[in-house]
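Good morning, and thank you for making time for this presentation. Please bring up the sequence and the structure, and we shall go through them together.

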Amino acid sequence: MSDGIGYRHHILSVLVENKPGVLARVAGLFARRGYNIFSLAVAPTEDERFSRLTIVVDVESAPLEQMVKQLFKLIHVVKITELDPRESVERELLLVTVSAAADIRGQIIELVQVFGGRILAVGLDSLTISIEGAPDKVDDFEELLRPYGIVELQRTGRVALPRLDRTPRARIARVS
Amino acid sequence: MPQINGGQALIRALEMEGVEVIFGLPGGAILPVYDPIIDSPIRHILVRHEQGAGHMAEGFAHATGRPGVAMVTSGPAATNIVTPLCDAYMDSIPIVVITGQVGTPSIGTDAFQECDTVGITRSVTKHNELVTEAADIPRAVREAFHIATTGRPGPVLLDIPKDIVDPKNPRSALDWYWPSEAELSAGLPGYKPTTKGHPRKIKDAAELIVQSTRPVIYAGGGILKARAAEALLELAELCDIPVVTTLMARGAFPDDHRLCLGMPGMHGNYTAVTSMQNSDLLIALGSRFDDRVTGKIPNFAPEAKIIHVDIDPAELGKVRRPDVPIVGDCRLVIEELVRAVKDLGGASAQPDRSTWKSRISGWQEKYPLTYEQSEPGDALKPQFVLEQLRDTTPDDTIVVAGVGQHQMWTSQYWKFNHPYTWVNSGGLGTMGFAVPAAIGAKVGRPDRMVWAVDGDGCFQMTAQELVTAATERIPIKVAILNNAYLGMVRQWQEMFYEERYSEVYLSPDLPDYKLWAEAMGCIGIRVEAPEEVQPAIDKANDIDDRPVVIEFRTDSREKVFPMVPAGASNDDIITFQSHREVIQ
């Protein structure tokens, strides 16, 4: 799905023990069972014993329930929460180098300002830009930038937490 | 606390776990662990190939319910034991495998006999761990046995680098400790298998049971893992419901019981297959809707509601969505189910099922398991050999099979009246399983007679373990059904590839099985005529100081029936009777 946001995509927030090879176990499981990972972000949590994986999965490839159950069979997986995109806070970071000849550079800088991004480096005929935000905003920015000629682009994949004021309604897909 | 080295700690940890026997073969990286074995009460059985060690551990676990242990070195030894790991994973057999590894400074350098054992075995183990500190060894061993034996059982591998067990290396020193129950569970925050079924779901299941008019219990290997055979008998008798026992559950319900319908599936008997197809309620207990049972899935038991009990939540809804899913230990759940059915009034609350019963007995009468007896001078019928073997061995004999036609005939023609008397490779279908698994079973149950029934193709894959059996005085008995073919493949080529036989002929005389057996320290017997069958079996049964191998020369044209062709609906089952009509 081009926008990366449609409801066929689901966000799994997976709390894992911070042990060697955990990422390989998760990635291996997805590969072996034929599930598609749309994006994946990993980092330690506030408790150094645990890391959190934010996995955006393409559910057309397999039923989400089976995916969650198989994932939970990994001994180092502690908790799995499915985050509803409508009831969670998601952020993603995009780094992009875009062609920017002198005559159009102003237009691009204007776009960056509108989206609250930052110019990280200015070259003779290109700019490197960073923008952070909700994934649909990052998608929009990427689309708008594309006509200028993207030289290189890297997105982090999304990270997410349940939205605070609506936490009670967040769907918790804890298997036990 | 006393300082000991990692090798001593590993052996002491195995002793703490109650391990009585290790099946293994030493080598460079695991050498330091083999030294303390000399001083340990644990028996070590030296195998001839690491695959044998793994299957022996499996056979031991099958027969005893206790985890089997195998220990081998790094590199090629570790890769040789991948097949048993996968076999144990598919059939949920609790084994703990310890592999040596090159020292931690050498890991990742392509050192001699180094391989990424943890990476290679990740998808064929329930869990594995590369232990990097000597001080972690007691914890890792305790966790390995806990994970292997609880929840859905399975294989666990520990990869042990040489430097943390080598007394000459300061990295191997540790203060001995043994983790408490609390420390064990604190160390595994993500592992809490559910054993008790949800009371509400159990009530729902009981209601479906007492309402159903055409129920069938679909019992799987989970019954045996959960030691639930008695509970199953109570439920079946209370509700008067017929039981099918899958390939992994043969023996979980007595074949002689009036409610037993035998094995379902691709080579199941007509009544077991057809009663499932026509049921209005399937009570799946520790079974997993394997493709060899369901046939074409959309056509499987189309009118049946499903109660599915399994300790692995991922099995519920994986293949067929259950109407009542229950996560839990089969024994505990069935015991609760019995109570819930009684609360609803027990058998008296159930509808009249006499029509269903008479349909079932009609199928049994019309399509019994059968075969054509051989003409004088013809090769032996494999089914005849198995009937003779069945009728002249003790009732509680443990029977172990390889994979193929001989396995299916054994499952069909044996009468399994006790749990843990049938050992075979179901999910992975590992040829060569029988001989080593039989050795493991006999080591675990020396009081029982253990017969391996093997094919000639299978036997050639792992026969060298008979040297192990002869050396260690493990008196197993092996019946080779020698039809000079990879028989099951031949059957498919005959039926589905227009009798174009491609690479399936093995020769009846090469190798000479009798001489081969004798060369390995066994008694070797060759049987070619029906009247020789009985005396040969009697002779084998009387020998208890060494292994015996009987080679039965069997008819290569014989096929396994019934058969549901791969991908076909269970409604299109081919029976011996219908196949004969087609041919004539």
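Predicted model: local features only at pLDDT ≥ 70, side-chain atom pairs only at ≥ 80, totals over all residues.

Residues are numbered from 1 along each chain as its sequence is written, and chains are lettered from A and ligands numbered from 1 in the order in which they are written.

A:Glu90 belongs to strand β5, residues 88-99 of chain A; strands here are DSSP runs of E, at least two residues, and helices are runs of H or I, at least four, numbered from the N terminus. β5(A) pairs with β9(A), residues 159-162, in the antiparallel sense over four bridges, where pairing requires that DSSP find at least two bridges between the strands. Antiparallel pairing also joins β5(A) to β7(A), residues 126-133, over eight bridges, and there A:Val96 faces A:Ile129. With β8(A), residues 150-155, β5(A) forms five bridges, again antiparallel; A:Thr97 has A:Glu152 as its bridge partner.

Which side chains of β5(A) point to the buried face? They are A:Ser88, A:Glu90, A:Glu92, A:Leu94, A:Val96 and A:Val98. A residue is buried if 20 or more other C-beta atoms, placed from the backbone, lie within 10 Å of its own, exposed if 12 or fewer, and partly exposed in between.

I turn to chain B and its helix α23, residues 530-542, in which B:Val533, B:Ala536, B:Ile537 and B:Ala540 are buried. These four lie on the same side of α23(B) because they cover an arc of only 100° around the axis, taken from the directions from the helix axis to the C-beta atoms. On the other side, B:Glu531, B:Pro535, B:Asp538 and B:Asp542 are exposed. The cover over the buried residues includes α16, β18, β19 and β20 of chain B.

Finally, the domains of chain B: an automatic or database assignment gives domain 1 (3-186), domain 2 (199-366) and domain 3 (382-560). Between domains 2 and 3 of chain B, the C-alpha centres lie 31 Å apart. Contact, meaning C-beta atoms within 7 Å, involves 13 residues of domain 2 and 14 residues of domain 3.

How values were computed
Contact = placed C-beta atoms within 7 Å.
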